[in-house]
Amino acid sequence: MIKYEDLEKFKGQYPYGSELFGVYQTLLGWRGARAKGWFMKSYAEERKRMGDMVYDKINPNVDAHLNADRVLERIGEIRIGTANEKPVYPSKLVEALAPNYTPGGHLDKPDFWKQHLTDDMLMATLNREVKKEAKRMLDSPATGGRDDHITARSEKALGFLENESRMAGQLQLLRDSGGAGELKNIFFNYTTSLNRVNAAIKLFKAFDPFAYLDPGEILSRTVVSPIGVIHLYRQYFFELDSFLGSPVGHVWVAPHTTVELVEVNKRRTLTESIIDESAFARVEQFEESFTLENLHEAVTQTNQQDLSFGASVSGSHSWIVGSVQASSSMNYHQTQSESRNAVHDLMRRQTQRISSLMEKSVHTTFKTVTEKEEISSKKYVVSNPGDDVINYELRRKMRRVAVQVQDVGTYLSWQTFVDDPAREIGVANLVHIAEPPNLGNIPHPQMIEPKPSKTTTESVMIPFQPEGHAGTDAADEDDTEETWSHGIETSIGYLDEPEGIKWIFPQKFRAPDKDYRLSAVKVISHGDAEVVANKYDPKEFVDLKDGYFEFKLYLEKAHFHGARSIPVQLELTWETTEDLAKIKTENDKKMSTYVAEQKRAYEEAYMKAARDRIAVASKIAPRRYEDLRQEERIAVYRKLLRSLAPGKNPLTDEEILSGKKFTYPDMSDETRHAWSEVLNKLFDLEKMLYFVAPEWWKPRARKAQTMGAETVVVDAAGNVVKQQVSTAIPGRSVVSWGGGKEAGRPNYYITESSAPAKLGSSLGWLLQLDGDSMRNAFLNAPWVKAIVPIRPGREREAKDWLKGVLEGSDGLDPAIEQQLDDLADKVAEKHAQGGTVQDMPDPLNPGDPDATVSSTPVDRVYEFGFDPLQGGFRAQSIEGGEFEIIDQWIEVVPTDQVAIVAVNYDPITGRQIPPV
């Protein structure tokens, strides 16, 4: 640490950078209606659900009955409801057998069960109590439900019987295998409704986080206060001087030689993750790649990536706010002192850590070359014209940076909570055209085509041929005017005997080709006749093995009308004798191979596209920090404005002003605009900030990463068609180092060329490709705490408006309200003072009354530059010095510059000889 006296010589140097930082502190004592209702609403819902668990397990005990018409006609004694203490057994069989056994050590002996749980007992119980219960199910009276129907009751009874039979089998197996412990557990480890009620009551009591506290007091003194204070500080960075640090290399130059040194500088990105269990259970994520010579930019970047900070961004300013423990004191100096100590601790730790990371992130190497070659823009030529060896040390140049912190302002603010703030924020969809699969080298398979069927036409004459059969005599030759059915005369007189003719005519035809067989015959009859082919056994066509096939024609009905024959035309269908099943098997095999190759091509194309998309998506640069925060601020403000009118019954202006709670049925655009104007008058909406609560405790359903996969399938018509699928990345193409296939993990995809995954990937967060860590936390936040600074000079008006309209006056007793008014007056006075131009003595000429600097107290550093702070830290403010420098420290940061220094060493001791 440089002494104060040594810092005097740097007086007047101007800062090269600055950073705004604020500390927010809730002022306890006022129990705000909005925040208290926000918390207690969900808490009450949880308690109600758990109370219902207990209520539903109590059986009523009322002496009251309905008559046949479902009318309550009698009300007797009303008794206290009780929980049922009757055991609940796993089956009717176990329930019926249980009275045969009493608790005791004998139940642990397998021989006891073999003697007292016999097959006869099981069979008797199944066919007595169990069967009786099944019959009761079938004969149950109507209840008015869908189980009234006999089929529904039958299904229920059958399922009951099957379950009881299984239970009997389980008891038998346990008995025979010596499972005495399991049998004892089945018969005696039962629960009652009273047991479950007691368990629910224990859970109900355990759920209450305020079982031993006063919720109305403890809760209101932690999160529900609507008023807080923000102390703003500006961090300045001054360049003091530089010096040479420790050696990074050593060179020996021989006499009369020249050595060329080429400097190669490497920078690397350091990632540090810190989990901070704070009031909001936030996570801090640091991904820092520093410009080695700029501590200010490193601090700015770190602040923008810290999720524990609230952000306020507008076109004219940007500042970061951290939060500290709530204060029960509304004294201005007390809150200011607490905030100064918080800033001192935070900023010192921050710059020290960043300086350390910067020192680790720089690495310099030197290459010695024997011939002149341009390798880097930094090249050193070292010559030794003398006769002795010269030793050179390569020392890194170090910078000394002074950091000062100035108190620059104070705001009172309104604190409230906003649920699901990111619902209206869209996320980016990556447009990426994937290269289609190369299907040109996958030819369509040559399918085996079976020989086509053939059809031939033949003309046949069915003759009138008398023939006796079926106990009839043959007809006469001139009976061609009669009617015949199946060869029997049907047109006969009352006393005539029927006669017969031939009605079965074998046919034989030759196949058109040796590889064909007869498969179908179509008969086209002419005249008054009905002729069919192979209607009766045998129905198949007979292969005569000489190229001919035989079948029969049956003259079902006929009337020859005096003719000696009836013409018939035959259409013969011939099929190939090839093995069609074998052809189909071969064709299916070829098609399966073809489809598999196409699927593989689609998979390869998709895998390539997926890898490209994963790598491209991971390397998309985030949008400007200011743009992202501005969008989030707008989203929070929209939901906050909507939430100001949750009620149903509108009140008059007089009722609102008199302190009634504001309610409005539905806020129109015009009303919302009016409310916005009211808010903007009292609150500085441009400076509204918010603290994000990432979803540690509220995981949401998320879909896995998808990259637009396609594959091919065979449709019902046998065509190969494309089909969209959720993912086409097979398990064989994914590698994990253990646990990757466990169910329930929100795994994500990476490649060897993709950038490190974004914050929240392992948690299954909803991610925005062009968002930063704060945006991803915001998208997944179940709620945020919004902080709206009150406009300077309107602190009392804002307090009265909040008290009368939104927050009520619970806890705001006269003493606390007076303290709050005093604090409001002090803040307003400080703001007015900060904007007033004053004549201040020049610190470079403190004794010269004519040397003055005109500036506002907030900007005086830019007028007179660096002014060392005596003692280095000032926790308590000096009366009248509202905008003073409160903290100061020195940081040493490395550069990428190296200096060459000649040194000498004692050949005896080996130690360096100090220069003369």
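This briefing covers a strand sheet, a helix pair and a set of salt bridges. The model is predicted: local features need pLDDT of at least 70, side-chain atom pairs count only at pLDDT 80 or more, and totals for chains, interfaces and linings use all residues. Residues are numbered from 1 along each chain as its sequence is written, and side-chain values use heavy atoms, with hydrogens and water left out.

**Sheet**

- Three strands make an open sheet, ordered β13-β23-β19, with antiparallel pairing. Strands are DSSP runs of E, at least two residues, numbered from the N terminus. Two strands pair if DSSP finds at least two bridges between them.
- β13 (454-463) and β19 (516-525) are the edge strands, and each pairs on one side only.
- From one strand to the next, the twist averages 25°.
- β19 and β23 (residues 565-576) run antiparallel and are joined by nine bridges.
- Lysine 522 stands opposite glutamate 571 in β23.

**Helix pair**

- Helix α17 (residues 795-806) and helix α18 (residues 814-834) have axes that come within 9 Å and cross at roughly 145°. Helices are DSSP runs of H or I, at least four residues. Axes are lines fitted to C-alpha atoms, for helices over the stretch in contact, and angles run from 0 to 180 degrees between N-to-C directions.
- Residues of α17 in the contact include Glu795, Arg796 and Lys799; they and others meet α18 residues, among them Glu817, Leu820 and Asp821. Contact means heavy atoms within 4.5 Å.
- By class, this contact has four nonpolar, no polar and eight charged residues. Ala, Val, Leu, Ile, Met, Phe, Trp, Tyr, Cys and Pro count as nonpolar, Asp, Glu, Lys and Arg as charged, and the others, Gly among them, as polar.

**Salt bridges**

- The count comes to 38 salt bridges. Each is a side-chain nitrogen of Lys or Arg within 4 Å of a carboxyl oxygen of Asp or Glu.
- Arginine 399 bridges to glutamate 239, with the closest N and O atoms 2.3 Å apart. Arginine 399 lies in strand β12 (residues 390-419) and glutamate 239 in strand β4 (residues 227-253), so the pair ties together parts 160 residues apart in sequence.
- Arginine 399 is buried at 9% relative accessibility, whereas glutamate 239 is partly exposed at 29%. Buried means under 20% relative accessible area, exposed over 50%, partly exposed in between (1.4 Å probe, protein chains only).
- Glutamate 631 and arginine 623 meet in a salt bridge at 2.6 Å, N to O. Glutamate 631 is partly exposed at 30%, and arginine 623 is partly exposed at 29%.
- Salt bridges that share partners join Arg623, Arg629, Glu631, Glu632, Asp772 and Arg775 into one network.
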